[in-house]
Structures are given as C-alpha cells and as structure tokens.
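Subject: Structure handover

Hello,

Here is the structure for you to look over. My notes on what was found in it follow below.

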Amino acid sequence: EAMVLALAIAPLIGMDAFLHWRTQASTEGLRQRLASQALVIRDGAETSIPASALVPGDLVVLNAGDWAPADGLIEVAHALQADQSSLTGEAMPIAKHAFEKDRKFVRGAMIEDQYWLFAGVRVLTGSARLRVAFTGADTIYGQIVRSVQAERADVTPIQRAINRLVFVLL
C-alpha cells in the first residue's frame, strides 16, 4: 500500500516541481523585458537613472536594442520600429511615429498605437524620445501582471484526474 501511495504521489510532486520551475522561468523572462535603467533628459542634460525613478513627464531617450521603461507618447522618432510581441503577439516589427504637437486633438479621444511605446517593448531600429505617461503598475505591462496575479488558478483536468486517482487509491 505504501508503494502504491508513493507511486500516486510522485506525479503530483513532479507536476508541482515542474510548474514551480516554469513559473520561475516565466518571471525571469518578464523581468528581462523590463528596463532597469533609463536615459532621461532632465534640466537639459542626459542622465542615466533607475527605471523605477521615472515619473510621468520625464523625457526618455531610446535607441535600437533598448527596452521601453514606461508607457509614453513618442515626441521624436527616427526610423523607429518596435517589437510589441510581448504585449500583442504580433510577429512583425511595428513602425512607430512621433505625435505631432500641432495636431488637432479632441480632449478624451484615444491616441493611436503608432504614437505610443509601452513598457516591455523593445526598440528594434531607429531612435526615439519618449514622454513618460505611465510608470510601474499603471503601465499596460503592469496591468497584465495585476490581472495574472488576480486570476484564481483553476484546477487543470490532469490535476483533477490525479486527485481522483489518489482518492481512489487511498
């Protein structure tokens, strides 16, 4: 009986260990997509600061290969293309453009995606200056993390089957 119980519990322990490892790998992957440092223009000078010190209104300088540290409106763009696959699943690079300041804008209207860069998005080509609008948990990336944390982990069909098997064996 002890041997049967050990065999019934072994898959549960293995599945738990695998899910824990997968969670750790996913968390590390997400962490790598977030910029830890940001090059900002403050008081007319470029300064490197921790991304966690960004505040709405900061002007961030981004070049090819950089990760956007926050959500913001693109003020200056030169041949800018970004990889948004982590947010949208799009496989192709997305062309981004600067939002023209003299453009007619109706208060409360949505600004198209082509003028925004979001935290966790990588600049593939070109360069940009990004006016920070949202930081930390207020970013699209932060909202995704919050929604994932809020979701209750439902029992999967295989977990139900193994639980039934263990119950029957007991």
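Gln84 is buried, with a relative accessible area of 3%. That is well under the 20% cut-off for a buried residue. Gln84 sits in the loop between S4 and helix H2 (85-88). Leaving out residues up to four places away in sequence, Gln84 touches Gly89, Glu90, Ile94, Lys96, Phe118 and Val121.

Please keep in mind that this is a predicted model. The mean pLDDT of the chain is 83. Of its residues, 88% reach 70 or more. Confidence is highest in strand S3 (residues 59-63), at a mean of 95. It is lowest in helix H3 (residues 140-150), at 75.

Now the overall layout. The chain has 4 helices and 7 strands. Read from the N terminus, the order of elements is α-β-β-β-β-α-β-β-β-α-α. The chain has 170 residues, and 25% of them are buried. Take the contacts between residues at least 6 apart in sequence: 63% of these join residues at least 24 apart. The accessible surface of the chain is about 11200 Å². Carbon and sulfur atoms account for 60% of that surface.

Next, the core. The largest nonpolar core holds 22 residues. Which of them touch the most other members? They are Leu54, Val60, Leu62 and Leu117. S1, S3, S4, strand S6 (116-117) and strand S7 (122-134) each give this core at least two residues. S7 provides the largest share, with 4 residues.

Set aside its neighbours within four places in sequence, and Val60 is in contact with Leu39, Val40, Leu54, Pro69, Ala128, Arg129, Leu130 and Val132. Leu54, also on that contact list, is another of the core residues that touch the most other members.

Then the salt bridges. How many does a search of the whole structure find? It finds 2.

One joins the side chains of Arg42 and Asp58, at 2.6 Å from N to O. Arg42 lies in strand S1 and Asp58 in the loop between S2 and S3, so this pair ties together parts that are 16 residues apart in sequence. Are the two partners buried or exposed? Asp58 is buried, with a relative accessible area of 8%. Arg42 is partly exposed, at 32%.

The other joins the side chains of Glu75 and Arg131, at 2.8 Å from N to O. Glu75 belongs to strand S4 and Arg131 to strand S7, so the pair links parts that are 56 residues apart in sequence. Glu75 is partly exposed, at 24% relative accessibility. Arg131 is partly exposed too, with a relative accessible area of 29%.

Two backbone angles deserve a look. Most residues other than glycine have a negative phi. Asp43 is not a glycine, yet its phi is positive, at about 55 degrees. Asp43 lies in the loop between strand S1 (37-42) and strand S2 (45-50). With 86% relative accessibility, Asp43 counts as exposed.

Ala79 also has a positive phi, near 50 degrees. Where is Ala79? Its place is in strand S4 (residues 71-83). Ala79 is exposed, with a relative accessible area of 66%.

Last, helix H4 and the surface. Val4, Leu165 and Leu169 make a nonpolar surface patch of about 230 Å². Leu165 lies in helix H4 (residues 157-169). Leu165 counts as partly exposed because its relative accessibility is 45%, which falls between the 20% and 50% cut-offs.

Asn163 is in helix H4 as well. Asn163 is partly exposed, with a relative accessible area of 42%. What separates Asn163 from Ala8 in sequence and in space? The two are 155 residues apart in sequence, and their C-alpha atoms are 9.1 Å apart.

For a first pass, I would begin with Gln84, buried in its loop. Then go on to the two salt bridges. Finish with Asp43 and its positive phi, and with Ala79 and its own.

Best wishes

Key: Residues numbered from 1 in each chain as written. Predicted model: local features only at pLDDT ≥ 70, side-chain atom pairs only at ≥ 80, totals over all residues. Heavy atoms only, no water. Patch = residues over 30% accessible without salt bridge, like charges linked within 9 Å, V, L, I, M, F, W, Y side chains within 5 Å. Areas by Shrake-Rupley, 256 points an atom, 1.4 Å probe, with all protein chains shown as cover. Salt bridge = Lys/Arg side-chain N within 4 Å of Asp/Glu carboxyl O. Buried < 20%, exposed > 50% of the residue type's maximum accessible area, 1.4 Å probe, protein only. Contact = heavy atoms within 4.5 Å. pLDDT = per-residue confidence, 0-100. Core = buried A, V, L, I, M, F, W, Y, C linked by side-chain atoms within 4.5 Å.
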